[in-house]
Amino acid sequence: MRIFKPDAQIQEALRGQGINVAIGTLDDDLPTLANNPAAATTWVSTNIVPYMNNTLYEYLVVGNEVVPGSLGKYVAPAMLNLYKAIKPIGALSQLKITTTVPMSALGISFPPSASNFADAAMSDMTAIIQALNNMQNGDSILMVNAYPYFAYASDTSHISKEYANTKSSAPGVVDGNLEYHSLIHAMLDAFYAALEKNGGSSLGVVVGETGWPSGGNGEITTPYLSAMYNSFCRYYILGSGTPMRPNKKLDGFVFEMFNENEKPGGVEQNFGLYQANMTPVYAFC
């Protein structure tokens, strides 16, 4: 389970449940965490230490989709300050420090092998890669939010529904000797290629968010297509590798637990597995 900010009620409920947890910092806290090591120590003491003995914290996500952007420059120093705060409490064997970036962090994403970071993101991504390399002895990861739905919805004439939603029989992309039958694989390999070009060849990639809306945009957003995509990710994408990195098993998160009825109307309200009243949108197992 991924929670986007500390929440004592949720964290108490997760105690002893055997659920791996990703916990995030608030984006607005990044400048303070980057510039004030004492603030990072306080954050860890308040939000990690009280729960760590019976909660399976797996990821600490420092900023969500702030690169590219004005807060991006704070991510790497905030990560390092939090790393220094966590190291003395002995949690680094289970907790990986990372950040989450969107597809817009890439300037080139097609074909996957040609990918690289956007000019607006390059400086911040270089600093983040260096920080990740320095923190966890080759075991660091970058979280990526990847949504094939949005690519498909923007270009249904050239992207097949099967290639975007699950797996196409014919390759959607041929990149050298690699064939891509699933768009999410191409998206993730685009990040692997960009990382490799910028000193991050040893880093893993984790899916920070992915999903398919069950409504809000006509016949391409139905409960059936949402269930198909999320089940495909659960059983065939997560836990396996990509064409470019077949031996690096993917971890990740389906977005999201609940429909968000307070968001603006349209697809953004309809990514949940459950309605806001906790009834299932569809069967998912």
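What is the volume of the second largest pocket? In this predicted model, the second largest pocket has a volume of about 240 Å³.

**View 1. Lining of the second largest pocket.** The lining comprises 14 residues, and those nearest the pocket centre are Phe110, Ile159, Tyr163, Val173 and Leu183. Helix H8 (residues 183-197) supplies the largest share of this lining, 3 residues. By residue class, the lining of the second largest pocket holds 10 nonpolar, 4 polar and no charged residues.

**View 2. The largest pocket and its lining.** The volume of the largest pocket is about 1400 Å³. Its lining is made up of 39 residues; Met1, Arg2, Val254, Glu256 and Met257 lie nearest the centre. Two or more lining residues come from each of S1, helix H1 (8-14), strand S10 (204-210) and S11. The largest share, 4 residues, belongs to S11. The lining of the largest pocket divides into 20 nonpolar, 6 polar and 13 charged residues.

**View 3. The open sheet of 7 strands.** Strand order is S1-S2-S3-S4-S7-S10-S11, and the pairing is parallel. At the edges are strand S1 (2-3) and strand S11 (251-254), each of which pairs on one side only. Strands of a sheet pair through backbone hydrogen bonds, either parallel or antiparallel.

**View 4. Pairing of S2 with S3.** Strand S2 (residues 20-24) and strand S3 (residues 56-64) run parallel and are joined by 5 bridges. Ile23 has Leu60 in S3 as its bridge partner.

**View 5. Helix H4 on the sheet strands S3 and S4.** Helix H4 (residues 75-86) lies across S3 and strand S4 (96-102). The helix runs at about 160 degrees to S4.

Terms used: Residues numbered from 1 in each chain as written. Predicted model: local features only at pLDDT ≥ 70, side-chain atom pairs only at ≥ 80, totals over all residues. Heavy atoms only, no water. Pairing = 2+ DSSP bridges. Contact = heavy atoms within 4.5 Å. Axes fitted to C-alpha atoms, helices over the stretch in contact; angles between N-to-C directions. 1 Å grid on protein atoms, 1.4 Å probe; cavity = no way out; pocket = protein on both sides within 12 Å on 5 of 7 lines; lining within 4 Å. Points joined across faces, edges and corners; volume = space filled by probe spheres on them. Nonpolar A, V, L, I, M, F, W, Y, C, P; charged D, E, K, R; others polar.
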